[in-house]
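Let's work through a few exercises together. Have a look at the structure first, then try each task before reading its solution.

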Amino acid sequence: MKKELILLTDYKGFFGFKQLNPIYRGGMDLSKLINSFRKRGYNAKAMNITDITGMHLPDRNSIVLYTSSEDKEGLYKSLIEDVIYHLEINGVSVVPSFAYLRAHNNKVAMELLRKRVDFKEIQTINSKIFGTIEELKKSLNQFTFPVVIKASSGAMSKGVARAENPDELIREAKKISSSKSFWHTLKEYLRSFKYNNRYVKESFYRRKFLVQNLIPDLCNDWKVLVYGSYCYVLYRGNRNNDFRASGSGKFEFRKEIPEGMLDFAVRIEKLFKVPNISLDIGFDGKEFHVFEFQFINFGTTTIEKAPFFFKNESKKWIIVDQKSDLEETYVNSIVSYLEENGNG
């Protein structure tokens with residue numbers, strides 16, 4: 001047997017994400033995953049994420065695979081982050097690493113991760129992050145309009161807007177960052193009255209967000225999933241009279257794709273040293289632009305519905321005209337990753 005693999009499940013017993021699961025928002029087939037890993041020589045087992053904290057730390061030769069969550073306000077995800085950070089800081093191998101979990105459904109962490117990467121091809125998107133509307137107001141002269149404003153969390157283009165000028169930017173930012181509540185607002189006004197000039201009210205707009213440069217004149221983007229030597233590509237047309245493609249419903253599986261895009265996507269996967277990655281890529285005819293990237297619990301429709309996929313053989317891309325099995329594709333990507341990094 002090779003190294004032990006521990007698959008951490010959430011409180012529902014789910015692992016990962018599977019769009020076409022009969023159970024809405026259900027995970028991948030755990031028994032299929034475990035059997036597939038065992039066929040590849042790995043001693044795989046499932047464990048609830050909180051149970052692992054009630055035992056001694058896993059053996060240093062063990063590898064922990066885990067799930068994430070997009071629960072309301074990220075409450076359960078916060079627990080997952082605590083556990084994965086605890087494991088990683090104690091020397092346990094977690095895949096992917098904690099920094100990539102932090103970037104899941106957290107565009108601020110994702111953009112900070114982008115800034116840490118020495119790879120200029122993904123730096124065409126320039127973001128500035130904010131924690132309050134007051135911070136934004138102090139930085140208005142730094143932007144060249146139009147710009148894109150994004151809430152830190154959200155999918156399907158929710159919490160994403162375009163601003164043509166400073167007034168629009170402030171207006172959209174207030175919608176995205178509002179943290180008002182009746183009692184909190186009342187208490188803050190009472191405190192400011194009680195302490196007069198000796199108190200500065202807390203901001204009522206404290207939901208973090210970011211502002212990005214707009215890549216003009218794009219009519220679509222590409223969802224590209226990289227699983228080892230396999231790539232899955234989905235063309236996503238923009239919404240009507242809109243700059244956003246995510247959630248438009250104008251999706252197509254196309255064999256004709258921009259030249260070099262798959263190599264570009266794989267370079268990013270190798271750069272981050274992850275077994276799989278989801279990329280939102282724009283192409284302006286000359287350059288590729290990476291709008292967003294995720295490493296865990298991203299949507300799997302692009303795999304599950306794709307009638308074909310792209311496979312790298314001898315440094316050439318071929319089209320394989322067949323459907324894919326999500327669990328087998330995931331296992332293959334993990335095994336390839338472990339073997340490439342000397343953990344097989």
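Buried means under 20% relative accessible area, exposed means over 50%, and partly exposed is in between (1.4 Å probe, protein chains only). Keep in mind that this is a predicted model, where local features need pLDDT of at least 70, side-chain atom pairs count only at pLDDT 80 or more, and totals for chains, interfaces and linings use all residues. Residues are numbered from 1 along each chain as its sequence is written, and side-chain values use heavy atoms, with hydrogens and water left out.

**Exercise 1.** Work out whether Lys223 and Asp280 are buried or exposed, and what joins them.

Solution. Start with Lys223: its relative accessibility is 17%, so it counts as buried. Asp280 comes to 10%, so it is buried too. Now look at the side chains: they form a salt bridge, with the closest N and O atoms 2.7 Å apart. Helices (H or I, at least four residues) and strands (E, at least two) are DSSP runs, numbered from the N terminus.

**Exercise 2.** Find the salt bridge between Lys32 and Asp325, and see what else is linked to it.

Solution. First, the distance: N to O is 3.0 Å. Next, the location: Lys32 is in helix α1 (residues 30-39), while Asp325 is in the loop between β15 (316-320) and α10 (326-340), 293 residues apart. Then check accessibility: Lys32 is partly exposed at 30%, and Asp325 is partly exposed at 30% as well. Last, widen the view: Lys18, Lys32, Asp325 and Glu327 make up a network of salt bridges.

**Exercise 3.** Which residues touch the most other members of the largest nonpolar core?

Solution. A nonpolar core is a set of buried Ala, Val, Leu, Ile, Met, Phe, Trp, Tyr and Cys residues joined through side-chain atoms within 4.5 Å. The largest one has 31 residues, and Ile268, Phe272, Ile277 and Phe293 touch the most other members. Helix α8 (261-272) is one of the elements giving two or more residues, and α8 gives the most, with seven. Now zoom in on Ile277: beyond its neighbours within four places in sequence, its contacts (heavy atoms within 4.5 Å) include Val224, Ile268, Phe272 and Phe293. Apart from this core lies another, of 29 residues, among them Leu5, Phe37, Tyr42 and Leu338.

Methods. Salt bridge = Lys/Arg side-chain N within 4 Å of Asp/Glu carboxyl O.
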